[in-house]
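Let's walk through a structure together, one feature at a time. Have a look at it first.

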Amino acid sequence: MDFGGAGTLLLAFGVTCLFCLLTWMKNRKWTGMPPGPTPLPLIGNLLQLNIWELPESFSKLSQTYGSTFTVYLGNRPAIILHGYDAVKEALIDNADAFADRTKFPALESVFKDYGILLSNGERWKQLRRFSMKTMRNFGMGKRSVEERIQEEVRYLGEEIKKKKGLPFDPTYLLTLAVSNIICSIVFGERFEYEDKKFLGLLQMVKEIFAVVTSFQGQLLNAFPNLLRFIPGSYQKLYRDLTKLKGFVMEKVKEHQETLDENCPRDFIDCYLIKMEQEKGNPDTEFHHENLCVSVINLFFGGTETTSTTLKYGLRILLKYPDIAEKIQQEIDSVVGQNRCPSVEDRREMPYTEAVIHEIQRFADIVPLNLPHAVSETITFRGYTIPQGTTVFPVLTSVLKDPKYFKNPMEFDVDHFLDNDGSLKKNEAFIPFSAGKRICPGEGMARMEIFLFLTTILQKFNLKSDMDPSTIDITPQPLTNGTISRPYELVLTSR
Ligand code: HEM
């Protein structure tokens, strides 16, 4: 290399370093932010965090910095709220100021700020209100969400019978069944469990989910401009997200061609009718982009989360056969064997409800929560947090908060049972988060978990080929605590 070329390279390197340093200093100039470990230019606190186990890393830092602290993920500061009191003070007591969603570069490449999940302000309010109302059965044809779930659990039961009492990994079947429910609500159709297109779609969702929640996903969020163009998993993520959007656009087109405004079949039909009603409004948020991305948000939100909870729940019941047996006794006395369980039964089944609450608390499947942002500069707990700053209201620190749960790290049904056996509420039970961004699928997910678990236990006995005392119910390591360990179970007809 000649000296001219080397000089140019050196100069470019110097300018880049200077730029990074200036950006870092610009971000660091915010004074009055909560304390935290000292960041390095460009990489922030990445060396002090285990990106595969972020929830654990944040818990460790909270021992030094308390319940409100700052970490730098790359050169972006993020406020970490640890423990129920801090999370409540933000999401509930200062609900409006903490209601925004932060930038999510891993998904924004394709979704921009359309849809429910990534939008803010008026767009978010309108789309969220419409989605929640529609999912609560307003005008979605004759069949309720509950009926759609009951139908799918029956199909699942048939598939389980085909296993003939042999051990199997439940991940696949649970994902198909749960995803079929959201398909039925959004697309108006369920798919056969062998349908190649459906299986391809779910495989794609699984891979997208794995990258977004992984180490690479965290890095992509921290360094979007650097990593987005590097070949490999980021480019594949982009391709998969684009394909998923293409699939939804095709479905929307089919719906448009067959729409009967007097008889909406599903979410897409309801949205198309709303679009028609808003045609004259130049500021309407009801257009194609928001439809496609909202559908993807619901499909994503409605698939992995509930099936992961069910998979975790069944593993916990394998470890505690006496608890599974007590649920079966309650099912036998309230529902019997001649009809399928319904949501109404929940009120009469406090033990089952307490176990489900404890499964959700213990499984803790969205440990970090989804990141928020502050919508305005706010004074919070004596600190000044500038508008737009990312905030993690860490859910695992709430669901395992020793101030609110007697045995936070143990599976203990008594967390939700009174002395007289009725369901005991606990304000720190917020697996769906809290405040304005609380999961809009909560009602549906709670129905699903109840109807799936009770129908399975009504029809089948659970068994493991392992000694229950040796079953490890801690999450799969290096997954940021989001999934159960792999296992097989045996289901025999009762
Ligand atoms: C056990 C099941 C589920 C759990 C634990 C769960 C949990 C969560 C959590 C923690 C959030 C973030 C809330 C926040 O930002 O503060 C969220 C958001 C969301 N969830 Fe769920 N969820 C579940 C099921 C569902 C289902 C069934 C759907 C769809 C029908 C769904 C759709 C969504 C959507 C669209 C958002 C974004 C909301 C927004 O940004 O306003 N979720 N969920």
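Q: Where do Lys251 and Glu254 lie?
A: Both are in helix 11 (residues 233-258), 3 residues apart, which is about one turn of the helix. Helices here are DSSP runs of H or I with at least four residues, strands are E runs of at least two, and numbering starts at the N terminus. Keep in mind that this is a predicted model, where local features need pLDDT of at least 70, side-chain atom pairs need 80 or more, and totals for chains, interfaces and linings use all residues. Residues are numbered from 1 along each chain as its sequence is written, and side-chain values use heavy atoms, leaving out hydrogens and water.

Q: What do the side chains of Lys251 and Glu254 form?
A: A salt bridge needs a side-chain nitrogen of Lys or Arg within 4 Å of a carboxyl oxygen of Asp or Glu. Lys251 and Glu254 make one at 3.5 Å, N to O. By this rule the count comes to 29 salt bridges.

Q: Which protein atom is the donor to the iron atom of the ligand?
A: Donors are N, O and S atoms within 2.8 Å of the metal (3.2 Å for Na, K and Ca), and with water not among the atoms, sites may look incomplete. The iron has a single donor from the protein, SG of Cys439, 2.3 Å away. Cys439 sits in the loop between helix 16 (395-399) and helix 17 (442-459).

Q: How do I read a pair of packed helices?
A: You describe them by the angle between their axes and the distance between the axes. Axes are lines fitted to C-alpha atoms, for helices over the stretch in contact, and angles between N-to-C directions run from 0 to 180 degrees. Take helix 13 (residues 288-319) and helix 17: their angle is about 40°, with axes 10 Å apart. The two are therefore oblique to each other (under 35 degrees is roughly parallel, over 145 roughly antiparallel, 65 to 115 roughly perpendicular, and the rest oblique).

Q: Which residues of helix 13 and helix 17 make the contact?
A: Contact means heavy atoms within 4.5 Å. Among them are Thr306 and Leu310 of helix 13, and Ala445 and Phe452 of helix 17.

Q: At what angle does helix 8 pack against helix 13?
A: Helix 8 (residues 196-213) and helix 13 pack at about 85°, with axes 11 Å apart. They are therefore roughly perpendicular to each other. The contact includes Leu201 and Phe209 of helix 8, and Phe299 and Glu304 of helix 13.
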